[in-house]
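Please look through the structure below together with its sequence, and keep both at hand while reading the report that follows.

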Amino acid sequence: MPENTVTAPLAPMEPEDVADAFAYIRALQADDIDTACAVIEETGGMEMRRLLLDVAARIFIPITAVDDCDKEPCAHSFLSAALGLLEVLCHGDGACLAFPPGIADTIVLFTENILTEDHGDVADVLRQLEAVGMEQAMEARTTDV
């Protein structure tokens, strides 16, 4: 397993960005193409790409990199980093991973295969991750003021 190379967490996302990114991810996960398209239109295609990559880097990777017992990073819990989730999303060879639907699908598959037990309720885990991202964003907003 690769050594832990994470030095400091990235700054949290803006609350609106967290909401938009997870609205898109959840819409695709639920096969609600109309809602996914509406979210893309509202945020812009390339902007959504950035938001989805931010979700992977700022929410998924830090959450999977923390031990449940003491909330400290540990070598065995760097699942997404070890699996290269962010590298795959940022540098995907095919067009599928270069655009929002491919990125969102990869996030959903990662959630389903790694973050849920027995391929449990992916939507529930996505809601929990969104709540964590939103909490981080709101805390950062209050400390910046």
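## Helices α1 and α7

In this predicted model, helices α1 and α7 are roughly perpendicular to each other, because their axes cross at roughly 75 degrees and an angle from 65 to 115 degrees counts as roughly perpendicular. The two axes come within 9 Å. On the side of α1, the contact is made by Tyr-24, Ile-25, Leu-28 and Gln-29, while α7 contributes Pro-100, Pro-101, Ala-104, Asp-105, Ile-107 and Val-108.

Two packed helices are described by the angle between their axes and the distance between the axes.

## Helices α1 and α2

Helix α1 covers residues 15-29 and helix α2 covers residues 33-43, and their axes come within 8 Å and cross at roughly 155 degrees. That angle makes α1 roughly antiparallel to α2, because angles over 145 degrees count as roughly antiparallel. The crossing in which α1 passes α2 is left-handed. From α1, the residues that make this contact are Asp-20, Ala-23, Tyr-24, Ala-27 and Leu-28, and they meet Ile-33, Thr-35, Ala-36, Val-39, Ile-40, Glu-42 and Thr-43 of α2.

What lies in the loop between α1 and α2? Asp-31 is found there, and its phi is near 60 degrees, which is a positive value in a residue other than glycine. Asp-31 counts as exposed because its relative accessibility is 64%, and the cut-off for exposed is over 50%.

## The protein as a whole

The protein has eight helices and zero strands, so that its pattern, when read along the sequence, is α-α-α-α-α-α-α-α. Of the 145 residues in the protein, 39% are buried. The accessible surface comes to about 8300 Å², and 56% of this surface belongs to carbon and sulfur atoms.

Is Pro-15 buried or exposed? Pro-15, which lies in helix α1, counts as buried because its relative accessibility is 7%, and buried means under 20%. The C-alpha atoms of Pro-15 and Glu-135 are separated by 8.4 Å, although the two residues are 120 residues apart along the chain. When residues up to four places away in sequence are not counted, Pro-15 touches Met-134, Ala-137, Met-138 and Arg-141.

Thr-43 lies in helix α2, and at 15% relative accessibility Thr-43 also counts as buried. Leaving aside neighbours within four places in sequence, Thr-43 is in contact with Asp-20 and Met-48; Asp-20 is one of the α1 residues that make the contact with α2. Gly-45 is found in helix α3, which covers residues 45-64, and at 31% relative accessibility Gly-45 counts as partly exposed. Gly-45 and Phe-99 are 54 residues apart in sequence, yet they are 7.9 Å apart in space, C-alpha to C-alpha. Not counting residues up to four places away in sequence, Gly-45 touches Ile-40 and Pro-100, and Pro-100 is one of the α7 residues that make the contact with α1.

## Residues at helices α7 and α8

Where is Thr-116 placed? Thr-116 is in the loop between α7, which covers residues 100-115, and α8, which covers residues 122-144. At 10% relative accessibility, Thr-116 counts as buried, and its side chain reaches the backbone oxygen of Glu-112 at 2.6 Å. Once its neighbours within four places in sequence are left aside, Thr-116 is in contact with Thr-111, Asp-121, Val-122 and Val-125.

Arg-127 is found in helix α8, and at 41% relative accessibility Arg-127 counts as partly exposed. Which residues does Arg-127 touch, not counting residues up to four places away in sequence? They are Arg-26 and Asp-121, and Asp-121 is also in contact with Thr-116. Arg-127 and Phe-22 are 105 residues apart in sequence, while their C-alpha atoms are 8.0 Å apart in space.

Notes:
Residues are numbered from 1 along each chain as its sequence is written. This is a predicted model: local features need pLDDT of at least 70, side-chain atom pairs count only at pLDDT 80 or more; totals for chains, interfaces and linings use all residues. Side-chain values use heavy atoms; hydrogens and water are left out. Helices (H or I, at least four residues) and strands (E, at least two) are DSSP runs, numbered from the N terminus. Buried means under 20% relative accessible area, exposed over 50%, partly exposed in between (1.4 Å probe, protein chains only). A polar contact is a pair of N or O atoms within 3.5 Å; within protein, one must be able to donate a hydrogen and the other to accept it, and residues adjacent in sequence count only if both atoms are side-chain atoms. Contact means heavy atoms within 4.5 Å. Accessible areas come from the Shrake-Rupley method with a 1.4 Å probe; for residues, only the protein chains shown count as cover. Axes are lines fitted to C-alpha atoms, for helices over the stretch in contact, and angles run from 0 to 180 degrees between N-to-C directions. Angles under 35 degrees count as roughly parallel, over 145 as roughly antiparallel, 65 to 115 as roughly perpendicular and the rest as oblique. A crossing is left-handed if the near helix is turned anticlockwise from the far one by less than a right angle, and right-handed if clockwise.
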